[in-house]
Amino acid sequence: MTQKPRYFDPHIHVTSRTTDDLERMAAAGVRAVIEPAFWVGQPRTALGTFVDYFSSLLGWERFRAAQFGVAHFCAIGLNSKEANNEALAREVLEILPRFALKEGVVAIGEIGFDEITPAEERAYVQQVEFARQNEMVVMVHSPHRDKKRGIQRSLAIARELGFPSQRLVIDHNNEETVEDTLAAGAWAAFTIYPHTKMGSERMVEIVKKYGPERLIVDSSADWGVSDPLSVPRTADLMRERGIDAAAIELVTWQNALDAYAQSGQIDVEALLARPQVDQTRLFADNSVLRGQAPRVDQGVPN
Ligand SMILES: [Zn+2]
């Protein structure tokens, strides 16, 4: 029997997904995820809510994913949308280093541009500079409107700051931005949303046209209409459309691993072993179970 494919979803907001999603992801072969800090659907009004949010990405969410055999890493950053509340942004940027250098943090992110304002640019510059000084990876969010200009600006600033392009991941690319991103030497990530924007069909064409080097597929699944199985589903479609197995493995597993393992925070060997699930474990006395018998096993068979 050939080994079941394994997948890395390097952009998903696990905090807004259910345990059913985690079970389905593990069953579909998703072995590892990265949860970048983002906004939460409505603007936060106090520093404490950021503190608690960052803590949950490092603690409870990491534990919760592991309870279903999914290795969880995170990225810490001040998102572009909330960078526009400058008073609060200053406070958040001040406490950021307390979280960004902790175990399990593989990048500064997701940061970048939303409306492409001067306040967003200031927050981006400061965070890219922090990442440069600490030799970290940066995960860049690109705007939904004016995407091309947002990405060009993000790339230009990183270059001006002397940030190494091999540690720069530009996310939410599409056909109009992929060439700029690749030409700059950065990793080009693509978010596959169901029904809209970048779909699996378009991703297949991009891999055919540009080849698999430095391309990364992710779900960016969050509290909106999105699909936590985007990565395995896109891989299935690539297989159907005749893209070879090695290329599929690059864009749905290895490239994300190579990009983010530069952080030194990913134990690659542990990730290649079968996941261990032990639901008798607790996190600060809390369990994910509600009276069910705990699972203790070696995750999903290979
Ligand atoms: Zn996101």
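In helix 5, the residues Glu86, Leu93, Leu96, Pro97 and Ala100 meet Ala119, Arg122, Ala123, Gln126, Gln127 and Phe130 of helix 6, where contact means heavy atoms within 4.5 Å. The model is a predicted one, in which local features need pLDDT of at least 70 and side-chain atom pairs count only at pLDDT 80 or more, while totals for chains, interfaces and linings use all residues. Residues are numbered from 1 along each chain as its sequence is written, and side-chain values use heavy atoms, with hydrogens and water left out. The residues of the contact of helix 5 with helix 6 divide into 7 nonpolar, 2 polar and 2 charged (Ala, Val, Leu, Ile, Met, Phe, Trp, Tyr, Cys and Pro count as nonpolar, Asp, Glu, Lys and Arg as charged, and the others, Gly among them, as polar).

Helices (H or I, at least four residues) and strands (E, at least two) are DSSP runs numbered from the N terminus. Helix 5 passes helix 6 in a right-handed crossing (a crossing is left-handed if the near helix is turned anticlockwise from the far one by less than a right angle, and right-handed if clockwise).

The zinc ion is coordinated by His11 (NE2), His13 (NE2) and Glu110 (OE) at 2.0 to 2.2 Å; donors are N, O and S atoms within 2.8 Å of the metal (3.2 Å for Na, K and Ca), and sites may look incomplete, since water is not among the atoms. The donor residues are spaced H-x1-H-x96-E in sequence. Distant parts of the chain are linked by the pair of histidine 11, in the loop between strand 1 (7-9) and helix 1 (19-27), and glutamate 110, in strand 4 (residues 105-112), which are 99 residues apart. Both histidine 11 and glutamate 110 are buried (buried means under 20% relative accessible area, exposed over 50%, partly exposed in between, with a 1.4 Å probe and protein chains only). Glutamate 110 is also joined to glycine 109 by a cis peptide bond, with omega about -15°.

Phi is near 60° in aspartate 146, a positive value in a residue other than glycine, and aspartate 146 is placed in the loop between strand 5 (138-141) and helix 7 (147-160). Aspartate 146 counts as partly exposed at 42% relative accessibility. For histidine 172, phi is likewise positive and near 60°; histidine 172 lies in the loop between strand 6 (168-170) and helix 8 (178-183) and counts as buried at 6% relative accessibility.
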